[in-house]
Amino acid sequence: FQMVEITSVNSPEVRRQVADLLKASRLEVAFGAQPVLLRGKHDLNAADAEVRKAAVNAVKGAIDEAAEIGARRVGILSGRNVPAEERPAAMARLADSLTQLCAYGRERGVSVVLETFDHDIDKKALVGPTPEAVALAQQIRREYPDFGLMLDLSHLPLQGESTWDALRTAQPVLVHAHIGNCVVRDPQHPLYGDKHPPFGVPGGENDVDEVAEFLRALLEIGYLKDGAPGAVGFEVVPHGQDPIATIQGSKRVLQRAWAIA
């Protein structure tokens, strides 16, 4: 691994230890504020101004933590999806929240990255479909060109999108990528939805072939060219499996995928 992604660490003393460890190991680090938003039930596009302010402040706190540990990027997600007739207003509110966060992050040397999620199955997020996410990102980048999108292989089946269409569409604004798995065809499956099970789990969508296709698409759009600023990270959760074995299995999936990409 050349980069690790972490989230909020409550203890200031432990945060200092984490920062020292990352510096000594020469690992790059990115900060995931998605758990901060999800656990707090925060909504960056809420119609209620106080609710939206609380969400913005929660991410500002995450940006402060990210700066403290040396992370250059903070990943977030939009708030809840809304009925079609309310989407334009909700997207405008989200754009305002993102602009506030980008301004705050710029002062601290931290960029903001918006991850796309399903909008009608599990997380039910406003963003959402890749074409709409790209349009929003292009709007934000007029003032904050370091803003970008994160796409996750495990989310694409939940979004009803193909790898090639999503990555080609996102190419101008893609700055981070995740590889993982999901279960979407059987609502009765215990791992149904956005649970990031290990690759190859029965009923899952992604394994070696799908990861290879994702890598081929990333290569085609130039995301993996030498000198490109993007990263590819695992997002895989053990569900009863040994964590170390899950990491090793995920690495082998990546190695086999690279061999055929």
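In which loop is Gly-128 found? Gly-128 lies in the loop between strand 4 and helix 5; helices (H or I, at least four residues) and strands (E, at least two) are DSSP runs, numbered from the N terminus. The model is predicted: local features need pLDDT of at least 70, side-chain atom pairs count only at pLDDT 80 or more, and totals for chains, interfaces and linings use all residues. Residues are numbered from 1 along each chain as its sequence is written, and side-chain values use heavy atoms, with hydrogens and water left out.

**Backbone features in loops**

The peptide bond that joins Val-127 and Gly-128 is cis, with omega at about 0 degrees. Two residues other than glycine have a positive phi: Arg-26, near 60 degrees, and Lys-41, near 55 degrees. Arg-26 belongs to the loop between helix 1 (12–25) and strand 2 (28–32), whereas Lys-41 belongs to the loop between helix 2 (34–39) and helix 3. Arg-26 counts as exposed because its relative accessibility is 76%, and Lys-41 counts as exposed at 74%. Here buried means under 20% relative accessible area, exposed over 50%, and partly exposed in between (1.4 Å probe, protein chains only).

Val-51 is placed in helix 3 and, at 37% relative accessibility, counts as partly exposed. Val-51 is 10 residues from Lys-41 in sequence, and their C-alpha atoms are 9.7 Å apart. Leaving aside residues up to four places away in sequence, Val-51 touches Asp-43 and Ala-46, where contact means heavy atoms within 4.5 Å.

**Helix 4**

Helix 4 (residues 87–108) comprises 22 residues and reaches 31 Å from its first C-alpha to its last, close to the 32 Å expected at 1.5 Å a residue. The expected span is 1.5 Å times one less than the number of residues. Buried residues of helix 4 include Arg-87, Met-91, Leu-94, Leu-98, Leu-101 and Tyr-104. An α-helix has 3.6 residues a turn, so residues three or four places apart point the same way. The cover over the buried residues of helix 4 includes helix 3 (49–69), strand 3 (73–77), strand 4 (111–115) and helix 5 (130–141). Just after helix 4, Gly-109 has a positive phi of about 75 degrees.

**Helix 8**

Helix 8 (residues 208–220) has 13 residues, which should span 18 Å at 1.5 Å a residue; its end C-alpha atoms are 18 Å apart, in agreement. The buried residues of helix 8 are Val-208, Val-211, Ala-212, Phe-214, Leu-215, Ala-217 and Leu-218. Among the elements that cover them are strand 5 (148–152), helix 6 (156–159), helix 7 (163–170) and helix 9 (243–260).

**Helix packing**

Axes are lines fitted to C-alpha atoms, for helices over the stretch in contact, and angles run from 0 to 180 degrees between N-to-C directions.

| Helix pair | Angle | Axes |
|---|---|---|
| Helix 4 and helix 5 | about 45 degrees | 10 Å apart |
| Helix 7 and helix 8 | about 25 degrees | 10 Å apart |
| Helix 3 and helix 4 | roughly 25 degrees | within 10 Å |

Angles under 35 degrees count as roughly parallel, over 145 as roughly antiparallel, 65 to 115 as roughly perpendicular and the rest as oblique. A crossing is left-handed if the near helix is turned anticlockwise from the far one by less than a right angle, and right-handed if clockwise.

Helix 4 is oblique to helix 5, and their crossing is right-handed. Their contact includes Met-91, Leu-94, Ala-95 and Leu-98 of helix 4, with Glu-132, Leu-136, Gln-139 and Ile-140 of helix 5. The residues of this contact comprise seven nonpolar, two polar and two charged. Ala, Val, Leu, Ile, Met, Phe, Trp, Tyr, Cys and Pro count as nonpolar, Asp, Glu, Lys and Arg as charged, and the others, Gly among them, as polar.

Helix 7 and helix 8 are roughly parallel to each other, with a right-handed crossing. In helix 7, Thr-163, Trp-164, Leu-167 and Arg-168 meet residues of helix 8 including Glu-213, Phe-214, Arg-216 and Ala-217. This contact has five nonpolar, one polar and four charged residues.

Helix 3 and helix 4 are likewise roughly parallel, and helix 3 passes helix 4 in a right-handed crossing. Among the residues making the contact are Arg-52, Val-56, Lys-60 and Asp-64 of helix 3 and Arg-93, Asp-96, Leu-101 and Arg-108 of helix 4. By class, the contact of helix 3 with helix 4 has six nonpolar, three polar and six charged residues.
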